[in-house]
Amino acid sequence: MKRYSILTLLIFSTAVLMHGCTDDGPLGPDPDDFDRSAILTNWADNLIVPAYQNFVADAEALESAAADFSANPAADELLALRNAFETAYLSFQKVSMYEIGPAMQVGAQGINLRNYLNSYPSDTAQIVENVSLNDINLDLPSQLDAQGFPALDYLLYGAAGSEAEILALYSEGADAPLYRSYLQTLSARIAGLAGNVLNAWETGYRDEFTDNSGNGANASIDMMVNDYIFYYEKWLRAGKVGIPAGVFSGTPLPTHVEALYHGSFSRQLALEALSAVQDFFNGNHVNGTGSGESLNSYLDYLDSRRDGSQLSVLINSQFESARSELESLQQNFADQVENDNIRMLNAYDELQKNVVFMKVDMLQALNISVDYVDADGD
Amino acid sequence: MNDNNTEVAIDEPEVYEFTRNGSSTVSFSGQTARILMAEELISTMMDFDGATESLLLQMYRNRDASGGNADPFSNPELNSETKSIKEKVAASEDYFSSNASESVQIRNEFESWISGQVSEVFPNENTLASPGQAGQIADGTSVRYVNAQGLEYNQMVTKSLIGALMTDQMLNNYLSSSVLDAGTNREDNDNEVLVDGTSYTTMEHKWDEAYGYLFGAASNQADPLTELGSADSFLDKYLGRVENDDDFAGIAEEIFNAFKRGRAAIVAGAYDVRDEQAEIIRQRISEIIGIRAVFYLESAKTILEGNSPDYGAIFHDLSEAYGFIYSLQFTRVPGSDEPYFTGSEVQSFLDRMLGDGPNGLWDLTPETLDALSDDIAAPFNFSIEEAAG
């Protein structure tokens, strides 16, 4: 099924591309004349590094809340831990698109931060086995879906039937210390991995990133834009919406939603991710209300248009359309796909339109090539 | 009856349905059984907790180690079969009836891959793979299990069976005049002399057995294109993949129609029409293998040349490529008795693939991948760009 969709997308993209060419106005400025280092500096100093700083702080608060709960597994501490979990998970949505440089080097070959922190659906049997083993190598690829936020989601909301039973899991019985220990291990690992990435940005990679301001496949801007669109296409559009809606499988998959066990968090996570990608597009600073050079200003500098309209305006307007579709959904996407999947599919369609605008029109305007391929999946 | 097709009316049905006196004359249950056996073998190769070397080898042989009866399959119907995968690996009349040594070597190679999965990969289930070290490696969020050279044995077995079992039996055995016309087959077919206890002639049955290696696992065996690509992990699946590449759209219908028309030609006694259809099938089925070999080589190359290449994804592609390249020796150039590449040419491709350094796929360069794609695509009627999808 996956191949059909990719094929359809390709056909559509090609049609759009050919159509776009004929409608383009006179050739504007050369993409290479733009001051790319200004974009890179804004991204690094006002978006990426502050977002990681915020995330690391929130992840450390989560680690600390897990320690508090372990010391005293009672209702108040569980509530505080759940709140810290929500805060950190939302905060993660603002760094998840930055899979460049250190975030790609946190683990074994081919494993990046996002895969360790947010692979879902989680493997609950593996999680329970890990709890009992109390000594597991979380670097292994086979452990990706037994750690990170999805595993904490299960341990904090899904490991037993009610809040009282969940509390009992951590406070009564022979396994309670093991459950408390695994909670702490997972929380500490999130904070540790994120801290490593931030540290690498702050001790050298920031300069490497901003200095690499040329054009070409290995230039920072080309790599970052590719990573950004890949994230938007695969993790936001497909992962958060399309896969649960059954776009790729043919039937809805309610167990594949983000934050399955929390029960009312998946919409908020998706909206946070959408805001993060839109803010990145517009160069909006993570802290405060400022903004700087961005894909938006770059496209405007090039006077990029599609059917006479400014491409940057079209993309922002499409982000808004997607947002209003997402806002119309239930808080729990599992309920949404089970009760009224058409709305979920509508949201997918609105997200998909920006894949075309960005992956085809924007990349063409910026003279950037797509550097990723779709895996076969078998 | 005569061989001149212009004078013979061929009654070609809409779907693959043929009857005599109200009974179906189509039968290929043995092919369906072997596809299902192969499915169970390849899925059990990934059962780290349940599988043993002896169980996997029993699935391959449908015999125990001393040649006695074995019941390795979870499907009892397969256990009651007297057939096995192994007996039909590298076993076609045209290629292997007088080439026992190569046949034995190929059959044993499958056993060495199956054994390697248990002896090399299973013990390293919880080890990170690295150059020279078997273990697990991430492919996105999937986990792949590779040997010390970066190869997945389960992929090698799956994709190599496409050539050594399905393609070899189809192109070089059942569609061959040496099989279709063996003994008194033509005379019997002309005179409707039926196989004892059945409603079909021997020739009809042989042709159906070829069809069965492509569509034997389809839920609708008479009209299999409706769910093309979902019936099995072998030819049906990859015909589906190739069909879904715009450059090759229509190939599935072409193959299906050739099977149907050839079968109808047998009923009509139009043997030249039959043989023309066999050549179409030979060319197209061979192309599927060539296209997929190049597709996976090129896919791996694209990832390898990207930033921070995902080695798990590369190794997965190349393990599939390995099997499709292995399968090339069972293809057939239409109008000839030769494969597109001989066994020794195939071996040299595989040696090159693993030969850029001491650690096999870990050392492979994009230049070697390009050269392999060039050499493999050369004799076929498709370009690397078309195959790359």
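This is a predicted model: local features need pLDDT of at least 70, side-chain atom pairs count only at pLDDT 80 or more; totals for chains, interfaces and linings use all residues.
**Exercise 1. Is B:E204 buried or exposed, going by its relative accessible area?**

*Solution.* Start with the criterion: buried means under 20% relative accessible area, exposed over 50%, and partly exposed in between (1.4 Å probe, protein chains only). B:E204 has a relative accessible area of 1%, so it is buried.

Residues are numbered from 1 along each chain as its sequence is written, chains are lettered from A and ligands numbered from 1 in the order in which they are written, and side-chain values use heavy atoms, with hydrogens and water left out.

**Exercise 2. Find the salt-bridge partners of B:E204 and locate them.**

*Solution.* 
1. Take B:R20. Its side chain meets that of B:E204 in a salt bridge, 2.8 Å from N to O. B:R20 sits in strand β1 (residues 19-20) of chain B and B:E204 in helix α9 (residues 202-215) of chain B, so the pair ties together parts that are 184 residues apart in sequence. Helices (H or I, at least four residues) and strands (E, at least two) are DSSP runs, numbered from the N terminus.
2. Take B:R263. Its closest N and O atoms with B:E204 are 3.8 Å apart, and the two form a salt bridge. B:R263 belongs to helix α11 of chain B and B:E204 to helix α9 of chain B, so this pair links parts 59 residues apart in sequence.
3. Check burial. B:R20 counts as buried at 13% relative accessibility. B:R263 counts as buried at 0%.
4. Widen the view. B:R20, B:E192, B:E204, B:D208 and B:R263 are linked in a network of salt bridges.

**Exercise 3. Describe the packing of helices α10 and α11 of chain B.**

*Solution.* 
1. The axes of α10 (residues 235-243) and α11 (residues 251-268) of chain B come within 8 Å and cross at roughly 130°. Axes are lines fitted to C-alpha atoms, for helices over the stretch in contact, and angles run from 0 to 180 degrees between N-to-C directions.
2. That angle makes α10(B) oblique to α11(B). Angles under 35 degrees count as roughly parallel, over 145 as roughly antiparallel, 65 to 115 as roughly perpendicular and the rest as oblique.
3. B:L239, B:V242 and B:E243 of α10(B) meet B:I251, B:A252, B:E253 and B:I255 of α11(B). Contact means heavy atoms within 4.5 Å.

**Exercise 4. Which residues does A:N296 touch, not counting residues up to four places away in sequence?**

*Solution.* 
1. A:N296 lies in helix α11 (residues 295-301) of chain A.
2. A:N296 is buried, with a relative accessible area of 16%.
3. A:N296 touches A:F281, A:N282, A:S312 and A:N316.
4. The C-alpha atoms of A:N296 and A:F281 are separated by 5.9 Å, with the residues 15 apart along the chain.

Terms used:
A salt bridge is a side-chain nitrogen of Lys or Arg within 4 Å of a carboxyl oxygen of Asp or Glu.
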